[in-house]
Amino acid sequence: MADTLEFNEIYQEVKGSMNDGRLRLSRQGVIFKNSKTGKVDNIQASELAEGVWRRVALGHGLKLLTKNGHIYKYDGFRESEFDKLSDFFKAHYRLELAEKDLCVKGWNWGTVRFGGQLLSFDIGEQPVFEIPLSNVSQCTTGKNEVTLEFHQNDDAEVSLMEVRFYVPPTQEDGVDPVEAFAQNVLSKADVIQATGDAICIFRELQCLTPRGRYDIRIYPTFLHLHGKTFDYKIPYTTVLRLFLLPHKDQRQMFFVISLDPPIKQGQTRYHFLILLFSKDEDISLTLNMNEEEVEKRFEGRLTKNMSGSLYEMVSRVMKALVNRKITVPGNFQGHSGAQCITCSYKASSGLLYPLERGFIYVHKPPVHIRFDEISFVNFARGTTTTRSFDFEIETKQGTQYTFSSIEREEYGKLFDFVNAKKLNIKNRGLKEGMKQSYDEYADSDEDQHDAYLERMKEEGKIREENANDSSDGSGEETDESFNPGEEDDDVAEEFDSNASASSSSGDGDSDRDEKKPAKKAKIVKERKPRKKQVESKKGKDPNAPKRPMSAYMLWLNANREKIKSDHPGISITDLSKKAGELWKAMSKEKKEASGEWDRKAEDARRDYEKAMKEYSVGGKSESSKAERSKKKKKKQEKQTKGKAEKKGATSKPLSSTKSPAKSMSESFKSKEFVSSDESSSGESKKEDSEEEGGPSPPPSSEDSASGSD
């Protein structure tokens, strides 16, 4: 017999709703994963007390009762699967899977039995219907009557609102059957009763959804939001996940509470409760319990007196009461260094946070997408501009989410993140080795990140260590190819005013030719600050010795390829973080025992000091003199070369066949073109014309003015 049985498209009945999911039976117990919420129910084999097989509306169902009174119902089985399940229960759980049929007589009177968390209405020995008391939201009594109200299911088209029971009076003195019935219901029902004082109260907290300022009263079993207009009571059993997310401005924090079922206000449903805090806001908190009660209930997670940041206190109290881990952003860092990406969803701007096990978008409307429900992602070109792109996510249920207007600079970081998480990217296909490694029955709440502060402190230490190490070895990366002198000469050659004058003086007489020199004259003017920039860099001598690398940088250069091979697809920033963690993880004894990198760093430092002494004694002055003479010689060569080119350019177009009128038009220069630097071009032109023997044109007023200057 197989050690496990798996069933797809099984429905679990929870608070009146039928949740689709996957069921696995193994030697260790029963696991059901909800496809919608990702929540996992895990029943240990040792806890199972009874198993019942019966016919229900969706085929056949399985009802499991545990030793502590909990009841789990799973529907959607086929009749042929009974034998397989019965044999499995006998072999691994040592339980008989009993077959029980419901009574279908249609009678409306019978006997009510309370067993564990179940109310069963029986006719004779057969049950007619059963009500899990955790579904009851309110219980009211009247004369010989008890009314039960139920939690509403938003996904169902038709919901059961209430059931009324008529309780006939009895002759027993001192016992009211109506009150006894109501007490049995209330002892197991999920009814919110604000009895006693709150454990603590947070005043005037800013809430984004639902919007407004609310006082939050923390009770042992529920959370009470008290606002100016509306009040909400949220049982801790409805809290699905907790998120603590830093805002992009690094001055604020989001605290997000995921709810299932959501809180309601009229026809509006709020699946997320989002609080916004300032990091600078501090608070001193005293719990309304004595120290013994605090220690007994919270086991060291909370103390009677606490102080710190407001967001830290709220998240700490919620974590202790809800008993769920807080999810914080993972290793992702965007282009600006933030752990989120600015984008738009449904025409509203917000922030998208890539997490370790999914994406969350805040804040309007909030969206949480788990990796295990993603079919594929797609990077699409922005519809309005090329400076941004869209990030599309399609789930296995066919729902599509489009996050638009993401800056183009974020593309590389987001693509590396998606690649590292092995998500399927559209149009690329699922490559070999990219298959998702998620456990089908892993709880999406089981996050490796426990608390935000612990994570941030650890990353802060790594960043500080990396910064110190990199500053020691930063001097090694000098720009050897950049030579200020040569760069200056190249610029002068390309934008030389003399060259522009000679080339333009011999061209045709069109208007286009007159506009060209004007543009070049502007370039000459803009060249002045560039010269200053080049001259300011002349203090950096390329012949100076390079600064030595630290032990960490030597170790990193030697192990970079190994880290890349161990973590394929790792980004540059993640590689430096990983290297910092590995270096930090190496014990001091191990570093001292090998001594290789410290020894190499010490040798490099001694060589550097020796080279610096030699350089400071004579090398610096000699190299600077040689550099200056070399620059001067190059400058002179370029000047003589430029003059030779000018003569060739001016003598070529002027010939004896040219008419005087044409020569006159060629010699004319516009006022904006003429400059003091170019007066020599006019004189050289005059000399050339006399040598040819042709008639010399009369000088214009502009030419005479430039000549006198």
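A salt bridge is taken here as a side-chain nitrogen of Lys or Arg lying within 4 Å of a carboxyl oxygen of Asp or Glu. In this predicted model, lysine 73 and glutamate 130 meet that criterion, since their closest N and O atoms are 3.7 Å apart. Lysine 73 belongs to strand 7 and glutamate 130 to strand 11 (residues 126-132), so the pair ties together parts that are 57 residues apart in sequence. Both partners are covered by protein: lysine 73 is buried, with a relative accessible area of 9%, and glutamate 130 is likewise buried, at 16%.

The structure holds 19 salt bridges, and two others may be set beside this one. Arginine 78 pairs with glutamate 81, with 3.3 Å between the closest N and O atoms; here arginine 78 is exposed, at 55% relative accessible area, whereas glutamate 81 is buried, at 9%. Aspartate 122 and arginine 113 also join through their side chains, with an N to O distance of 2.5 Å; in that pair aspartate 122 is buried, with a relative accessible area of 4%, while arginine 113 is partly exposed, at 48%.

Methods:
Residues numbered from 1 in each chain as written. Predicted model: local features only at pLDDT ≥ 70, side-chain atom pairs only at ≥ 80, totals over all residues. Heavy atoms only, no water. Helix = DSSP H or I, 4+ residues; strand = E, 2+ residues; numbered from the N terminus. Buried < 20%, exposed > 50% of the residue type's maximum accessible area, 1.4 Å probe, protein only.
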